Amino acid sequence: MKREEVRQLLNDQASRLFDDIVNSRVLGANNHIRMIGEIMLLTAEDESENGKSVLYKVRETARFFMETRGQQSRAVYHAIQYYIKGLGELENCGEEEIRARITERIGAYGVDAAKDMDTLVSYGVHISENMDTIMIFDYSSTVDRFVAELGRKRTIYIPESRALDGGRPFVKTALEAGHEVHFIPDTTMLVALKQCQAAFMGAETVYPDGTVFNTVGSDILAILCREIRIPLYVLTPMIKVDTRPVSGYIRLSPMPFDYGPRLAGAWEPELREQVDFKGIKLLEIAPEYIRALITERGIIPSSAFFHEAMEYARSLEGR
């Protein structure tokens, strides 16, 4: 089902969340997982819909996001699978049971994810205990939570990440946590990195070999970190692991994106129409550029990640 067809299935509140995701007005895989769950809850709670209609709309919403956002972020894919597990058994159930089961699955995922996030963030805070100056790059709700939990005042450099405006969302959290914030053009990352003891970023998806997928600019930061010997840490829950490449099934696409509205919104229309603004939104960072992945299972060097990733993937089957 196409984007607009799915959107038409949703009520006004749910369609606004839908638009925030597909138009990248809200960033971060964890935020998108939460919002997709909210869309499903709003559908389940809509008293104008009968049970069969609720099941249909929840399934179509799930299918759309698994085939779009979920192909670039395995966390989104896995979370949606968790949300809808067992819905096929509800075809002949009553309306209240259908609504209750959807609500229960989404709530259960939230409880498990919150525990994992608490553990992950505690590891990140521990490893940065003796760091006074760090850099964080491109918005990640996991990194944002890490910044909020750092405890004492730090100096934090935030590159603007102009292409997706991925730096600005960090600023409010960093200031509220009492940190000294430097918001800089992303073209000045090298100069700022020389003042830092480490850099931190999130991930859209992680392969078992330690390859990390994240938004544009992350590869530049990784190269700069290795060049001047600054450790780069990736904070990521294990749910973002994608084991498909182990069997040769798929490698992620670069995720095409039209940068025209962001880069040339103020241009004269006749000039803008003559320029191609198509680019990519997602790219890969090879494991040799990453000091360690900080997960709920520990601080794992990229070279040692494979075993943990495959064990975690097996554990998902029983959830």
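Biologist: What makes Ile-21, Val-22, Ser-24, Met-255 and Lys-281 stand out in the lining of the largest pocket?

Modeller: Bear in mind that this is a predicted model. Of the 34 residues lining that pocket, those five lie nearest its centre. A residue counts as lining because it has an atom within 4 Å of a pocket point. The space comes to about 570 Å³, and among the elements supplying at least two lining residues are α2 (12-22), α4 (51-67) and β6.

Biologist: How many of its lining residues are nonpolar, polar and charged?

Modeller: There are 13 nonpolar, 13 polar and 8 charged ones. The second largest pocket, about 450 Å³, has 22 lining residues, with Asn-30, Tyr-109, Ala-113, Ala-114 and Met-117 closest to the centre.

Biologist: Why are β5 and β10 called edge strands?

Modeller: The open sheet runs β5-β6-β10, with antiparallel pairing. β5 (205-206) and β10 (282-285) each have a single partner strand, so one side of each is left without a neighbour in the sheet.

Biologist: How do you know that β5 and β6 pair?

Modeller: Pairing takes at least two bridges, and 2 bridges join β5 to β6 (residues 212-215). In one of them, Val-206 has Val-212 as its partner.

Biologist: Which residues touch the most other members of the largest nonpolar core?

Modeller: Met-135, Leu-193, Val-212 and Leu-221, out of 70 residues. Helix α3 (residues 29-44) gives the largest share, 8 residues. Leu-221 touches Met-135 and Leu-193, among others, leaving aside residues up to four places away in sequence.

Definitions and conventions. Residues numbered from 1 in each chain as written. Predicted model: local features only at pLDDT ≥ 70, side-chain atom pairs only at ≥ 80, totals over all residues. Heavy atoms only, no water. Core = buried A, V, L, I, M, F, W, Y, C linked by side-chain atoms within 4.5 Å. Buried < 20%, exposed > 50% of the residue type's maximum accessible area, 1.4 Å probe, protein only. Helix = DSSP H or I, 4+ residues; strand = E, 2+ residues; numbered from the N terminus. Contact = heavy atoms within 4.5 Å. 1 Å grid on protein atoms, 1.4 Å probe; cavity = no way out; pocket = protein on both sides within 12 Å on 5 of 7 lines; lining within 4 Å. Points joined across faces, edges and corners; volume = space filled by probe spheres on them. Nonpolar A, V, L, I, M, F, W, Y, C, P; charged D, E, K, R; others polar.
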